[in-house]
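Here are a few notes to go with your first look at this one. Have it open beside you as you read.

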Amino acid sequence: MKHSVFPLNRWTTPAIIRRALPAMGLLVLLQLASIGAARGDTDWDKPFPAFESNWFVDMSRFSEGAHTGLDCGECHVDMVEGTQKHPDPEAPGYLKTDVKERFDYGRCKRCHLKAHERSLEGAHAEAMKQQQQRKADQTEAAQKDDAPYPAPTCGHCHSAHYDRSQRSRVEVGRAMIETCGACHPVEKATYLENYHGRAAVDLGRAEAAYCTDCHGAHACVSLKKEAETALSACRRCHPDAGKNFADIVIHYSTQRLADDDHPKRPAILRIYLAGLVSLAFVSILLIGFYSHSFLLMLRKIHDKLRRPE
Amino acid sequence: MKTKVIVPAALGAAFLLMGVLLLTKSEAPSPAGAVSQPEPAVVAVAAPEPMEAPAPVELPASTAEKPERACLDCHRYANINTNEGVLAANGMCNECHADPACDRTINGHKASLHVTPEELGKYPHEFVACVQCHADVARSPHQSDAGAQCRTCHSVHGEKTAHAPHLRVDCQACHRRSEMVRLDKTDHRVKLAGVDADGKPVDLTDHRLAEADSEDNCRKCHRADNEVGAPAAILPAKSALCILCHPAPLAFGHPIFALAILIGVAGVFLTLRFWLQGSVEGEERSMHRKIDLGAEAVWRTVFSRKFFSMLRVLFLDILLQRRILKESVARWSVHSLIYTAILARFALSLLAGIRFWFDPENPMALALMDKNHGFTGFIHDLLGLFILAGIVWVVIRRYVVKPEHVVTEIADNVAVALIGLLVVFGFIAEGVRITVSQIPPELGIHSFIGYFLSQLFSLSDWNWQRVYPWLWWIHALLGAAFVAYLPFGKMRHMFNTPLTYLIEDVSGVKREKRV
Amino acid sequence: MMENSPIENDAVRRFSVFHRFLHIFVMISFTFLAVTGFSLSFSDQGWAGLVVSMLGGAESAAGFHRFCAALFYLVVVSHLIWLGYFKVVLKGRWTGPHTMIPNSTDWENILQNFRYIFGKGKPPLFNRFSYLEKIDYWAVLLGMQSMGVTGLLMWHPEAFSAVLPGYAINIANEFHFHEAILAVGYIGVVHMTSTHLTPEAFPLEKSIFNGRIARRRLKAEHPGEWKDRYAPTAPSEGTTDPADAAS
C-alpha cells in the first residue's frame with residue numbers, strides 16, 4: 001500500500017469533502033436561503049427573546065435608548081434611597097406582582113408632562129380607574145376581573161430601558177402596531193388587512209395612518225361611539241369627508257357579528273354577505289372554466305397524438 | 001464567591017480607566033456637551049455606566065450614599081454566550097435557588113425549588129446559564145409563560161429518532177425524569193405536568209436527563225389507557241421504503257421493512273440479470289464484458305447530444321405520459337390519478353426529507369412532516385383520495401365495464417388490491433390516529449377524510465388506543481409487501497416502461513413501431 | 001380597402017391593425033394592473049415590498065395602478081367608438097353570426113364541445129368567434145365596467161360616500177379584489193391555454209399580433225366563417241380578400 005499508484009492517504013474525509021464541495025455548490029446555494037431564514041428565528045445572540053421586562057438590563061441596548069443619559073436612581077428612586085430593603089421578601093407581592101403595575105409612573109411626569117396629562121384623558125386612563133375601583137371594592141364578584149388585559153400603565157407600551165428616540169415615522173408606526181396589537185389583536189389584524197395598514201406598515205408609506213393618527217397619541221380614544229369624533233379623525237387626512245365617510249368600516253372583522261351592540265354590525269353583515277356572494281361567484285366560475293379547459297386540452301392533445309404525421 | 005469579588009474589581013478598574021480617558025480627552029464641563037465631542041465612541045461607552053455619571057442635582061441627597069451593592073452588580077445583562085457571563089447571570093438565580101429553604105406552595109403542598117449548582121454541574125448543562133433555557137423567568141412577576149426553551153440550542157429530532165407525531169410533544173416530556181405528563185388542550189401539546197393526579201406538586205428540581213431512548217421511558221405515555229392520546233403500543237419508526245408517500249428517514253428501520261427493501265432490491269437485480277442474459281454488443285458469454293460494454297454504451301449516450309432527447313422523453317412520455325394519452329383519454333385519466341398522485345406524495349416527502357436533513361429547523365420541512373399541519377393534512381388526504389378514485393375507476397373498468405382491449409390477469413388483481421388496501425388502511429389508520437390523539441377540529445378538519453372517519457370512530461367506545469397499533473402495522477406491512485412485490489409483479493412496469501421508452505429513443509426506433 | 005396589405009395567399013387577415021394595437025394596450029395595462037394591485041392586497045408577502053420599492057414606493061405604485069386603469073378604460077372607450085364607426089361608416093352589422101353577440105349556435109356548440117370532450121362526438125363547427133372567444137371578449141368588456149366602478153369608489157371615497165352609505169366602499173373593495181382574482185385566474189389559465197397551448201397554435205398564437213391566420217387553420221377552427229367568406233366559389237379566390245372589407 002505504501003507505494004500504491006493511487007495515494008489513498010491523500011483522500012482523507014476532509015479532503016473528499018473539500019473536493020466534493022464545488023459539486024455540492026448548487027445544493028448548498030439552494031439551501032442557504034432557507035437556513036438563513038430559519039436561523040434568524042432562533043436568535044443566538046439574544047438570550048432573552050422578546051421579553052422586554054427583565055431583571056437584567058442589557059447595557060448595550062440601554063446605551064442606544066432614549067434614556068441612556070439617566071442614572072438608575074433617577075427613576076428607581078425607592079430602590080436606592082437606602083431605607084428600603086431590596087430585594088425584600090417581606091414586601092407585599094414580592095416576586096408576584098407585575099413590575100409594570102407596581103412602578104410609580106408618576107415619575108415620568110418630570111420630563112413627559114404633556115404626554116402624561118393627555119394619557120389621563122383617554123380610554124386607557126378610564127380602564128385604569130375601573131380597575132382600581134374593582135380592586136378597592138374587595139367583593140368576590142368584583143375580584144373576578146373579566147378584563148382580558150390589565151389596564152395599561154406607561155410601561156405596558158413603552159420600554160423605558162430600550163426605546164430609542166428620533167425614530168422615523170414609519171419605524172415608530174410599525175412598532176406601534178405591535179405594541180397596541182398585543183392587547184388589541186383583532187384591531188391589529190383588521191388594520192393590517194385594511195388599505196391603511198397595508199400601505200403604512202407593509203409598504204412603508206409614511207403618509208398613511210397609523211394607530212395614533214386616528215385614535216390620538218396617549219389620549220387613546222375609541223371612535224366607536226361618537227360619529228363626530230370619528231369624522232374629525234378621518235378629516236385629518238380626508239378634508240372633504242362627509243357624514244357617511246366615517247361609516248366606512250376600517251376594522252372589518254366577522255368576529256364583530258357576534259357583538260349585537262356594535263354600531264357597525266349591520267354594515268359588517270352586509271359587507272360579509274356581499275363578499276360571500278362575490279367569492280362564491282368567482283369560485284364557481286373559475287372551477288367551471290378550469291375543468292372545461294383541462295378536459296378540452298386533454299382531448300385535443302389525444303387527437304393530435306393520434307393524427308398521422 | 002470568587003466571581004463576586006472579581007466582577008466589581010474588574011468593573012472598578014475599567015471605570016477608573018475610562019474616567020482617566022475622559023478627563024484627559026475632554027475639557028467640556030458638562031455631560032450635555034458630550035454630544036458634540038469628537039470621540040463619540042468613548043462617550044457612548046462611558047455614558048451608560050451610571051457610577052461615573054455625575055449625579056443630577058434634583059435627586060435626594062440620600063443617593064449620594066452608596067448602597068450595599070450597585071444596581072448593576074446584579075442587574076447587568078451579562079453576555080451568557082461567554083463562560084464569565086454564565087457565572088455572572090447564574091449568580092442572581094443562585095441568590096435564592098441555592099438556598100435549601102427555597103420553595104413554593106401549590107394546593108397546600110410545599111414544592112422545593114432548591115437547585116444545587118454542584119448537582120447541576122454533573123449533567124450536560126453545567127456551563128449553560130439558567131436564563132438560556134428559562135428565558136422568560138428573570139422578571140417580575142417571577143413566572144414563565146413559555147417554559148424552558150430547548151430549541152434555542154437544540155433542533156427537533158427527525159422521524160428516525162422521534163416519529164413525526166412527537167412534533168406535538170414537548171422536549172421535556174421525554175427528556176426529563178418526571179413520570180407526570182399531560183395533554184395541554186389549549187395548544188394541543190403533550191407537556192410535563194406540574195402537579196400529579198392528586199394535585200400534589202411534582203418535584204421538578206432534578207435537572208438530570210432521562211434515558212430518552214429506553215422503552216421504559218416511552219411507556220410513560222405508550223401504555224393502555226393513557227390520557228395524552230398516545231397509542232397503547234410502541235411503534236417503530238418509518239423506514240426508507242415509506243418515502244413513496246411519507247417523509248421517511250434514510251434507514252432500513254424495523255427488520256421487516258429491511259427484509260422488504262432487500263427483497264425489492266434483489267428483485268431489481270434479478271431483472272437486470274435477466275436482461276443481461278442476451279448478448280450485449282456481440283458479447284455472448286462473459287458477464288463482466290456484458291456489464292462493461294453495457295455501461296460503456298450508457299455512458300456514451302448520457303454524455304452525448306442524445307441526452308437532450310432523453311430529457312424530452314423523460315418529461316413528455318414518462319412524467320406527462322404522452323403515450324398513454326395517445327391510447328385513450330380515459331386510460332390516461334385513470335393512470336394519472338394513481339401515478340401522478342403517488343409521484344406528488346413522493347416528491348413532497350423527498351422535499352421534506354432533504355430540507356430536514358440540511359436544516360432540521362426548516363419551517364417548511366417541519367410543516368411537511370407534521371401530519372396535523374393544515375397544508376400537509378389537506379394535500380395528503382387529497383392525493384390519497386385521487387389514488388383511491390383511480391383504483392375504484394380501474395375496478396369498474398376491469399370488472400364492470402370490461403372494454404375489449406383490457407385483459408385482466410392475476411398479477412393485475414394483486415397490484416390493484418395492494419394499492420387499494422394500502423390507501424384504505426392508510427385512511428382508516430389516519431382516522432383512528434385523529435381519534436386517539438384527540439386532535440381538535442380546527443387542526444384536524446384539514447385532513448378532511450381522516451377527520452370525517454375519526455368522527456365516525458368516536459361514536460363507538462372501542463379502545464382505539466389498542467386498535468391503532470394493529471391498523472398501523474397492517475398499513476405498514478401492506479406498504480412493505482408493495483415494495484417487496486414491485487420488481488416481481490405487474491408494478492414492474494414502473495421501471496420497465498420508462499426504461500423501454502428511453503432505450504427506444506436512443507436506439508432510434510421508428511415512431512410507428514414504438515410501444 | 002387594404003389591397004396592399006402584405007398577406008400571403010395561404011393566410012387571411014383576421015384582426016385589423018387597430019384591434020391588434022388595442023390588444024397590446026390591454027395586455028400591457030392588464031399585466032401592470034395585476035402586479036401593482038396584488039402587491040397591495042398581498043403586501044405582507046416579501047415580493048410585494050420588492051415590487052413596490054421598484055416602482056418607487058407605495059404612492060407611486062398606487063398612481064401607476066390608476067394610470068394603467070385609465071389606459072385600460074381608454075381602450076374600452078375607443079373600442080366603443082370603433083363600434084359606432086363600424087356601424088355608421090362601414091355599414092357593418094352589430095348582430096349576426098360573425099359578431100360577438102351570443103346566439104343559439106353558441107349553446108349548441110357548447111353541448112357539442114362537451115360531447116367531444118367525453119369522446120362522444122366531433123368538435124363543434126365554430127363561426128368567426130368560438131364561444132370561449134366570446135366569453136373572453138365579454139369578460140373584458142363587462143368586467144372592466146365593474147372593476148372601473150369599484151375602483152373609482154375606492155379612488156374617491158370622499159365623493160362617493162356623499163351619495164352612498166359608507167360600507168359601499170368596503171363592498172367595492174371586496175368585489176374589486178375577488179374580481180381581480182377571477183380576471184387573473186381566467187386570463188392566466190383559461191385564455192392562455194385556449195389560445196397558446198392548444199395543439200394547433202402551440203407554442204405561440206401569433207394571429208392577434210400579426211393579424212394573420214393560415215387558411216388551413218381558419219378552415220379547421222372557424223369553419224362557419226370559412227364557409228361564409230373564404231370558401232372557394234370563384235377561380236379568382238385569393239386576389240381580392242373579403243377579410244379586408246369585413247374588419
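Predicted model: local features only at pLDDT ≥ 70, side-chain atom pairs only at ≥ 80, totals over all residues.

1. As for what chain C is built from, count 11 helices and two strands. Followed along the sequence, the pattern goes β-α-α-α-α-α-α-α-α-β-α-α-α.

2. On extent, the C-alpha atoms of chain C fill a box of roughly 65 × 45 × 35 Å along the principal axes. The chain has 247 residues, and 26% of them count as buried.

3. Helix H19 (residues 464-485) of chain B has the highest confidence, at a mean of 94, while helix H2 (residues 40-46) of chain B has the lowest, at 36.

4. Go carefully with two stretches of chain B. Residues 1-5 stay under 50 in pLDDT and have four contacts beyond four places in sequence. Residues 19-67 are also below 50, and the model gives that stretch 49 contacts beyond near neighbours in sequence.

5. Now a helix pair in chain B: H13 (residues 329-358) and H15 (residues 374-401) pack at an angle of about 155 degrees, their axes 8 Å apart. An angle over 145 counts as roughly antiparallel, so that is how H13(B) and H15(B) run relative to each other. Their crossing is left-handed.

6. Who makes that contact? Residues including Leu337(B) and Ala341(B) from H13(B), and Phe386(B) and Trp393(B) from H15(B). By class, the contact has 15 nonpolar, one polar and two charged residues.

Key. Residues numbered from 1 in each chain as written. Chains lettered and ligands numbered in written order. pLDDT = per-residue confidence, 0-100. Helix = DSSP H or I, 4+ residues; strand = E, 2+ residues; numbered from the N terminus. Contact = placed C-beta atoms within 7 Å. Axes fitted to C-alpha atoms, helices over the stretch in contact; angles between N-to-C directions. Parallel < 35°, antiparallel > 145°, perpendicular 65-115°, else oblique. Left-handed = near helix turned anticlockwise from the far one by under 90°. Nonpolar A, V, L, I, M, F, W, Y, C, P; charged D, E, K, R; others polar. Buried ≥ 20, exposed ≤ 12 C-beta atoms within 10 Å, placed from the backbone.
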